[in-house]
Structures are given as C-alpha cells and as structure tokens.
Amino acid sequence: MDYKETLNLPLTDFPMKANLAVKELEILHKWSEAGLYGKIRGARAGAKRFILHDGPPYANGNIHSGHALNKILKDIIVKVKTMSGYDAPYVPGWDCHGLPIEHQVDKLLGKAKRDMTPVQIREKCREYAEKYVGIQREEFIRLGVLGDWENPYLTMSHDYEVGTVKEFAKFVANGGLYRGFKPVHWCPSCRTALAEAEVEYADKTSPSVFVKFKLDGAATAQLGLPADSTSVVIWTTTPWTLPANLGVSVHPDFVYSAVKVAEDTLIVAEELLASCMKAFGAAEYSTVKTFKGTQFDRLHAIHPFLDKTSLMMVGTHVTLEQGTGLVHTAPGHGQEDYVIGQQYGLTVYNPVDENGKFIADTPHFAGLKVWDANLAVIELLKERGALLSKSDLTHSYPHCWRCRNPVIFRATAQWFISMDKNNLRAKALEAIRGARWLPAWGMDRILGMVENRPDWCLSRQRTWGVPIIAFYCEKCGETLLDETTAANVIAIMEKEGVDAWFSRDAKDLLPAGSKCGKCGGTDFVKGGDILDVWFDSGVSHAMVLENSKGLSWPADLYLEGSDQHRGWFHTSLLESVGTRGAAPYREALTHGYVVDGAGKKMSKSLGNVIAPQTIIDKYGAEIVRLWVASEDYREDIRLSTEILTRLTEAYRKIRNTVRFMLGNLNDFDPEKNTVALDKRDELDRVIMYKFQQLVDKVVEAYGRYDFHVFYHAVHNFCVTDLSAFYLDIIKDRVYTFPKTSLGRRSAQSTLHELTVGLLTLMAPVLSFTAEEAWGHLPGKAGKPGDSVHLATFPKATHVADSDSLIAEWDRIIEIRGEVTRTLETSRRDKLIGHSLDARITLKVSEANRALFEKRRDDLPFIFIVSQATLADGVSTATEVKVEKADGVKCERCWNYSQTVGESSEHPAVCSRCAGHLGGA
Ligand SMILES: [Zn+2]
Ligand SMILES: [Zn+2]
Ligand SMILES: [Zn+2]
C-alpha cells in the first residue's frame, strides 16, 4: 500500500511561481470590472473620514521611480486607513498648465506657431497635457494604486480653471494683490518671471571683481580723507549689474578701515582687510583711520564709468562672508537691493530687457546680452582705472528649472500677493506651527522659508495657463482690476471657459461703462499675463476638497517629496491662509529622493536610472511596492538591481509561506470546522498570540507611517516564527492525523486565521499577492466579488495567559535552536539523515526543567525527532545527546518506532499511524 496516499498533503491552486508581470494584469482587470474602488467607498460610507489630498504631478513624460515612490506611499496610507475602518477616498490629480508643456508644444509647432491664435496654441497644449494624463494614469494604475481614476482633478478642466480665477479674485477683493515694479527671478531664454520654486541652484563660473568707487568731495571732507584719491571698494560676481548701480551699502556696526595703498586711499571692512589686500596684490599698506558703518550714511560715491553718483546706505543685510563689507547695490537687480533702495527712496532702475539684453538707451552696452556685458564692463573698469582685481569664481547660482540656463534678477512690472498686507506672513507662520510636520524638521524648514520669502510673484508672461484678468487704460496705462470687473469676467468664463479671455476683446469682457480711474479713458487693453502654475496647484485644496462629493476640507494629510516645503506645501498654505485663514492640511509628511545603490542621484547622464516600467516587466509592480515599504523613505531611498534581487527573494519566502498555509486548508470549511481558540492545542495558541503581537506591532507602525517595520516584521514572522518553527512542527499533525481530528482541525483553524490575518496585514503593501491569495482561501473570502481590500485588519484578542505562555515558549524555542544545531552537526557527521532518524536525550538547567517536564509527551514533535527524553538531573548549559532512533521507520509518518509491525492490517506503519488509518 502506498501510504503517501493516506497523508493529507497540501494542495492548492495558488502557484509557487508568482509570474507577477502577467498575474498583476489579471488582477487589475478584475478590480476594474468589479469597480473595486466604488465598492470600497460603499463599504466605508458613513465611517470616519481620512482625506489624503493628492499633490498633482506634472502631466509631462512617463513616470519615473520618484513618482512611483510617491504614489505607492500614498496608496499604502490610503489602504492602511481603509483597512483600519476609515472612509479614505483618494482622488488623484494632475498639474496641467505651465512652461514645460508650452515649451514642448512650441517645439512641435515650430514656425506654424506664428500664425496661430493664443486659443489655438492653448488647444495644442491641452491636447499635449491630456495625452500625458492618459499615459501616467495607466502607469499609476499599473502600480496597483487604487483611486478615483475615472474622475481625477485636472488643473486645466473648465471648472478648475474658472475656480482658479475665482480664488485669484479673492485676493483682488481682500487687497492682498498688488502690481509692483520689482526684481524677480527672470529666465532670459524662456522670457518669463520664475517663482522661487522654479529656480534650481547649480555651479556656475562667474567673474569676481573688486571695483573702486571714488568718494565725492563732500564725503572725503566729512571723513577727513584725501580728496580725489579716496575710494570705497565693492566686490561683485555680476559685473553686468554695475550699469544699474545706484548705491553702496555698509553695515551700521562693522568697523571700516581707510588704508593707504600706493597713491590710493581704499576703504574696506577691517575684518576683511587682509584678504582684500591679498586680492589686490597690495604688499604694503597702512591703515590711516577707521570708521563705523553709520558714519558713511547718505554720503556719495561716484559711479566708476557712468555720469552719476552712488548713494552710501546703511543696512543689516551686509555681511562679512566674502568681498569687502561694502555692497554694490542695484535696486533693479536684487531683492535686498530693492528693499534698501525703497528705504532710501532710490528708483528701481533696470536697463535689461526680457531677452536679457541692455535696452537701447543704455550708455556703452546697448544691445549687449548681460553675459557678454560682463566682459565689456570689466574692460571699461580697467580703462577707467577702477578695477582692483579680477578672477574667476565657481559658485552656486540660480538656474531655470526648465531650460537649465542661468537666470538673472530683473525688475519688471508684475502682480504680487503681499506677504505683509492682511498679515499673511504672520498668519501663515501661525498656521505652520498649528500643523503637524513629519519628519519634525519640516516645520523649521518651512517656517524659515515663509519668514524670509519676498512677496509672491504671481504673473508669468506665457500663454498656457489661467489668465490674470487685469485691464490697462489705453491712454495712460493705469490698471483696472477690481471686484466688479472680476465678477463680470468670471460670469463670462463660467459659460465660455477661461479661453474667453483670449478670444474676446477687452470691451467684451468689461462691464459696460468702465472708466479709467486716473484719466477717465474708456478704452482698455487686456493684460497678457497668466498665473504662476504654483497658484493653480495651490488652490487644489479648494477646488477638490471643497467641491467634490465625499471629500472634506481641510485635508488630513499632504504627502510629497521634501522639496515641496518650498513648492506645493508652501503655495497651498499661502493661498489657503490668504483666502480662508487656515492651513489646508493637518499633517504634512515628506519623503526623500530615489538614489542609486551607491547613494548617488539618478540621472540620465550617469546612466544609473531604473525606470518603474523596467522593474514591473522584469519583477512585477509588487516588487516596486515592496521596495517602497522596505526602507525608511524619510531619507533618500536606494534602488538597484541588487536591492531588487534581495527583495524578490524575500517576496518568495513570504509567498511560499502563504502557499503552504493555503495548501493545508484545502479541506477546511471555516464556518463549520473552526475550533475555538481556547480549545486548540497549546502550540496553536502560542502562534496565535505571537501573531497578535505582530498585528499590534505592524498596525501601530502603519499608523505612524513607518512601513519598513511591516516589511521586516512580516518577513521575519514568515521565516522564523512560521516556516522554521510553527509550520515545521505541525506538519506531522496536519499530514498524518485523521482529516477531521481535533488536533488537525485545531491546526487548520489556526492556519486559517493566520492566513486571513497575514493577508490583510500585507494588503496595503503587497496588494496584488494578498488579493490573489485571498481568492484561494476557503469559505466566504474566496468567493467571487470579495476582495482583501474590503477587509479590515485583525482585531486584538488578548487572552489572560498569553504573555506567560509566550514567555515559556520563547525559552523552549531558544533551546530548540540549540537542539536543531546539534542535530545539524549529527547530520553532517552522517550519524543521521533526517532529524526523524534521531533519538535525543536532553539535559537542561534547573530553571528550564519544569518547562519540558510539563510537555514530556510533546517533546518529539517540538524537536521533530522520533524519540526525545529528558535526562535525570540538571546541567548549567543545555546538553543534547543524539543517537540513532530506536525501532523501525514508519512508512507513513517517517518516525522510528518499536510499534511498527504491531498492526496486522498495516504492518509497515507505527501504532499511531495505524490508529489514524483506522479512524480516517
Ligand atoms: Zn528658462
Ligand atoms: Zn487712463
Ligand atoms: Zn507513523
């Protein structure tokens, strides 16, 4: 007789080989057919809400690993909240306007663009954005991200665009908006102003020059220094801004030295004297006199090559970091220069046009590009004897985020939201302190940014965006933008969309009878500016949370990369505080960046980029998800082939553990066969208690958004607690005991609860595998229409004796480890083959003896040997004696026993098996 036939060997359709790349597509199809997202909404209707508001990615290009990290993290959180019982809807969105798309469309259109109207160009931009919304949507869905993909929010949709204009109009109404002429970051290649968040810092080599500004007669007389040969010295790395120089700033508290160098008397900060003299190549010099900064206030220097004076000003922005302690000040080309210039009543002079060229009436430099003007200025300084020193300096310099070219500071007429009118800055700081920032350093970071930021420059000189609905008097240039004109424009836009701004004339947009407040003129032109795209995405809290069914304002959580402290977190906060007086989120969580295996930034030029699509095709989206959960994402997170291979190995262990458990449930009906926990074998209860500890640990870590705890704890539980311990020991019971015996049903009840519980714990991260395995569960869970994503996490079921029982078993497990190692040695020494070939005699310490005495009969099963006896007496350390087992090997259970042959009906098996066969 083949006794193998009489064993209850595991049987399941859940395959060992995952074949994720194919299987995931089937599961996605199933989810989509079943309308899983809608079913979850239905199942959680009326529950407490948790709103994670999606920061919109830019609708351009395919997704990269950073997108995958971001969206999977969000998905894990939404699923964790859902399985914790919350109603946690997820409405994804896209940022659709702006320069990158307009650039691409410019390239595609080429010369054809010249003959197109703004509305036609905008139509092309819209098509372009739509295409990438479609592509990215499929890519995000492919990652297993569940959400309302049928109804995402798009910053270019009709309602969103008109809503953005309405939000803008709120700043018109509350007086926070103003038009100012002041320096902003300007990209001469893209010919537009740039927001702080659109500027990237990169190394650039610039000329570093020290320049003499002679003091005028009145100044030298007042300071008691020689007339005609006394100069203040400034240092700059942007010589091209010298034509716009209107002043020299000093610090009120610094000490300045007047130093005799050859024929000259030069003034620099005392503290920088040595470094300056070295830079000028002055070997010999002597200090004539010293002054406090305040003594220079309102004196005049003479511009080195233009026929004008330069005003000496006192400001605390001056530092001693480098240079001379005297700062060349051009209010048209720098934020701090602008601020101090305003205090001293200087004009905001900017001779540079939108292409970065000097305007026609600039002496010496008309028509020159600023970068070329650097050299021309240096030549002229040399000619005029004003150049003390020139060298090259490589420094961190702002570049355009889009075209990567260096940007300039240039004063232009722009629209701004004032940080100080309506106390926006103070209120924003308060709102930041009232929100929770994870990690905690995020709070200081954004506080620092808001404390120091200039007014928000809202206008961009482009076409693809939401228009700024300002009019200008044709006669005198005066601006017309108030609540009445805004309401009129908005009413038209509600019917025709924001394109009405581009297609209609000014008079068809203005209320009848509009008049210029200054000259009484009645003819107006429309402004050509659009809104900063960061304003578009900054209003998403209002557009999405306030206007969508099933959502609510404010959001519980915003989750983005840590660069968003100056991006979306920042602009959303300013917009929300400016219009609603409060932050749009309760909590802001950040993640780091994806780097390669060596910790280097991923870039095309380094060739170390791993695209999500590549990983999905080779390993499956599940491995991308596991990667996200395996590391502390608050830091930069590494991605490499080695890491993916290691994760695939870990995944396989988890999968096979689940498979083994499913295989042993093939004849189990949870409704009918479940044995109550207190009636189960001790070992079954022990593993359930240990599982309960795992559940507590993982659910608690999930709540803290600490996902790597899940990965390590679940992987460890599968490998150590299940595979190497519990499942190993119960094989005998589930394989050899009669199908319906209490012992086997007890183990199966435990396996069933473990599998259901483990799959729900896994579902937020291993969403595909948990779902696939769920379908192989016996009972209700496996039925069509059910999904693990509708389930909730296992509930805590603490039992009085659980802690003491676990403590006892932890000691048994420790000694079991020693026994297993000794058996392994015997196996290597060829004393035994399988551990069941052995008989062991165990001598343990006094403290442990009672543990084993109590379980004398179970010892062979615990150690998976044929015979195990407890030796008399005790020893300080555990002693294990291994011998060949007594008796004959049972053909059925492989245990050695002296009872083999006792049964006449089954002479090849032991008496235990014979009994089981009789009862089977
Ligand atoms: Zn640019
Ligand atoms: Zn006018
Ligand atoms: Zn047997």
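Visitor: In which helix is Arg-849 found?

Guide: In this predicted model, Arg-849 belongs to helix α27, which spans residues 846-853.

Visitor: Why does Arg-849 count as buried?

Guide: The relative accessibility of Arg-849 is 14%. Buried means under 20% relative accessible area, so Arg-849 counts as buried at its 14%.

Visitor: Which residues is Arg-849 in contact with, leaving aside its neighbours within four places in sequence?

Guide: Arg-849 is in contact with Val-844, Arg-856, Leu-870, Ala-871, Asp-872, Gly-873 and Val-874.

Visitor: Let us turn to the metal sites. What makes the arrangement around the zinc ion (ligand 3) tetrahedral?

Guide: The protein donors of this zinc ion are the SG atoms of Cys-890, Cys-893, Cys-910 and Cys-913, at 2.2 to 2.4 Å from it. Four donors count as tetrahedral if all angles lie between 85 and 135 degrees. The donor atoms around the zinc ion (ligand 3) subtend angles of 107 to 114 degrees, and the arrangement is therefore tetrahedral. For comparison, the ideal angle for four tetrahedral donors is 109.5 degrees.

Visitor: What spacing do the donors of the zinc ion (ligand 3) follow along the chain?

Guide: The spacing is C-x2-C-x16-C-x2-C. Cys-890 lies in the loop between β31 (888-889) and β32 (896-897), and Cys-910 in the loop between β32 and α29 (911-919), so this pair ties together parts that are 20 residues apart in sequence. Both Cys-890 and Cys-910 are buried.

Visitor: How do you know that the arrangement around the zinc ion (ligand 1) is tetrahedral?

Guide: Its protein donors are the SG atoms of Cys-187, Cys-190, Cys-400 and Cys-403, lying 2.2 to 2.4 Å from the ion. The angles that the four donor atoms subtend are 101 to 114 degrees. The required range is between 85 and 135 degrees, so the arrangement is tetrahedral. Along the chain, the donors of the zinc ion (ligand 1) follow the spacing C-x2-C-x209-C-x2-C.

Visitor: Are Cys-400 and Cys-403 buried or partly exposed?

Guide: Cys-400 has a relative accessible area of 0%, so Cys-400 is buried. Cys-403 has a relative accessible area of 24%, so Cys-403 is partly exposed. The limits are under 20% for buried and over 50% for exposed, with partly exposed in between.

Visitor: Why are the buried residues of α2 said to line one face of the helix?

Guide: In helix α2 (residues 36-44), the residues Leu-36, Tyr-37, Ile-40, Arg-41 and Arg-44 are buried. Seen down the helix axis, the buried residues of α2 fall within an arc of 145 degrees, and they therefore line one face. What covers them includes α1 (20-34) and α3 (65-83).

Visitor: What puts the buried residues of α11 on the same side of that helix?

Guide: Helix α11 (residues 424-434) has Leu-424, Arg-425, Ala-428, Leu-429, Ala-431 and Ile-432 buried. They cover an arc of only 160 degrees around the axis, which puts them on the same side of α11. These buried residues pack against β16 (408-417), β17 (436-438), α12 (441-452) and α17 (568-580). The face turned away from the buried side carries the exposed residues Glu-430 and Gly-434.

Terms used: Residues are numbered from 1 along each chain as its sequence is written. Chains are lettered from A and ligands numbered from 1 in the order in which they are written. This is a predicted model: local features need pLDDT of at least 70, side-chain atom pairs count only at pLDDT 80 or more; totals for chains, interfaces and linings use all residues. Side-chain values use heavy atoms; hydrogens and water are left out. Donors are N, O and S atoms within 2.8 Å of the metal (3.2 Å for Na, K and Ca); water is not among the atoms, so sites may look incomplete. Four donors count as tetrahedral if all angles lie between 85 and 135 degrees; four count as square planar and six as octahedral if opposite donors are over 155 degrees apart and all others between 65 and 115; anything else is irregular. Helices (H or I, at least four residues) and strands (E, at least two) are DSSP runs, numbered from the N terminus. Buried means under 20% relative accessible area, exposed over 50%, partly exposed in between (1.4 Å probe, protein chains only). The arc is that of the directions from the helix axis to the C-beta atoms. Contact means heavy atoms within 4.5 Å.
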